[in-house]
Amino acid sequence: MEKLQKLIDVISGNSYHANYAIAKSTTTCIICGKPSRVFRDRSARLEYDISAMCQLCQDKYLRNNGD
Ligand SMILES: [Zn+2]
C-alpha cells in the first residue's frame, strides 16, 4: 500500500501538471526523476508518453508482479 500511496501523492499533487511537463521536456521520470530513455517495448514507451513514468517505476507501480 505504501508504494501505491506514493503514486497517488504524485498524481494528485498540486504540482503534478508542472512536474509532468518538466519530466516530458527533459525525458525524465515523474516519480524518481531519473532519465527515462530505455523501455522494454513499445507499450512501455507508450506508457511513458501517457504517465511520464520510467521503465523501473512502471514495473514498480503499474505492473502486478505479486510482490
Ligand atoms: Zn522512475
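Predicted model: local features only at pLDDT ≥ 70, side-chain atom pairs only at ≥ 80, totals over all residues.
Reader: What makes the chain as compact as a globular protein of its length?

Author: The chain has four helices and zero strands, in the order α-α-α-α along the sequence. Its radius of gyration is 11 Å, and the globule rule gives 11 Å for 67 residues, so the chain is as compact as a globular protein of that length. Along the principal axes, the C-alpha atoms fill a box of roughly 30 × 25 × 15 Å. Of the 67 residues, 31% count as buried.

Reader: Which residues coordinate the zinc ion, and through which atoms?

Author: The zinc ion is coordinated by the SG atoms of Cys29, Cys32, Cys54 and Cys57, at 2.3 to 2.4 Å. A donor has to lie within 2.8 Å of this metal, so the four SG atoms at 2.3 to 2.4 Å qualify. The spacing of the donor residues in sequence is C-x2-C-x21-C-x2-C.

Reader: Why is the arrangement around the zinc ion called tetrahedral?

Author: The test for four donors is that all angles lie between 85 and 135 degrees. Around the zinc ion the donor atoms subtend angles of 104 to 112°, so the arrangement counts as tetrahedral. For reference, the ideal angle for four tetrahedral donors is 109.5 degrees.

Reader: What parts of the chain does the pair Cys29 and Cys54 tie together?

Author: Cys29 sits in the loop between helix H2 (16–26) and helix H3 (42–51), while Cys54 sits in the loop between H3 and helix H4 (55–62), so the pair ties together parts that are 25 residues apart in sequence. Both Cys29 and Cys54 are buried.

Reader: Which residues have the most contacts inside the largest nonpolar core?

Author: They are Ile30, Ile31, Met53, Cys57 and Tyr61, in a core of 15 residues. Helix H1 (2–12), H2, H3 and H4 are the elements that give two or more residues to this core.

Reader: How do you know whether Ile31 is buried or exposed?

Author: Buried means under 20% relative accessible area. Ile31 has 12% relative accessibility, so it counts as buried. Ile31 lies in the loop between H2 and H3. Leaving aside neighbours within four places in sequence, Ile31 is in contact with Lys6, Leu7, Val10, Met53, Cys57 and Tyr61. With Lys6, the separation is 25 residues in sequence and 8.6 Å in space, C-alpha to C-alpha.

Reader: Which residues does Ile30 touch, not counting those up to four places away in sequence?

Author: Ile30 touches Val10, Tyr16, Asn19, Tyr20, Ala23, Ser51, Ala52 and Met53.

Reader: How do you know that the buried residues of H3 line one face of the helix?

Author: The buried residues in H3 are Ala44, Tyr48 and Ser51. Viewed down the axis of H3, its buried residues fall within an arc of 90°, so they line one face of the helix. These buried residues pack against H2 and H4. The face turned away from the buried side carries the exposed residues Arg42 and Ile50.

Reader: What makes the phi of Ala52 worth a remark?

Author: Most residues other than glycine have a negative phi. Ala52 has a positive phi of about 60° although it is not a glycine. Ala52 is placed in the loop between H3 and H4. At 0% relative accessibility, which is under the 20% cut-off, Ala52 counts as buried.

Reader: What is the phi of Thr27, and in which class of accessibility does Thr27 fall?

Author: The phi of Thr27 is near 55°, a positive value in a residue other than glycine. Thr27 is found in the loop between H2 and H3. Its relative accessibility is 23%, so Thr27 counts as partly exposed.

Technical notes:
Residues numbered from 1 in each chain as written. Heavy atoms only, no water. Donors = N, O, S within 2.8 Å, 3.2 Å for Na, K, Ca; no water. Tetrahedral: all angles 85-135°; square planar, octahedral: opposite > 155°, others 65-115°. Buried < 20%, exposed > 50% of the residue type's maximum accessible area, 1.4 Å probe, protein only. Core = buried A, V, L, I, M, F, W, Y, C linked by side-chain atoms within 4.5 Å. Contact = heavy atoms within 4.5 Å. Arc of directions from axis to C-beta. Rg over C-alpha atoms; globule rule 2.2 N^0.38 Å.
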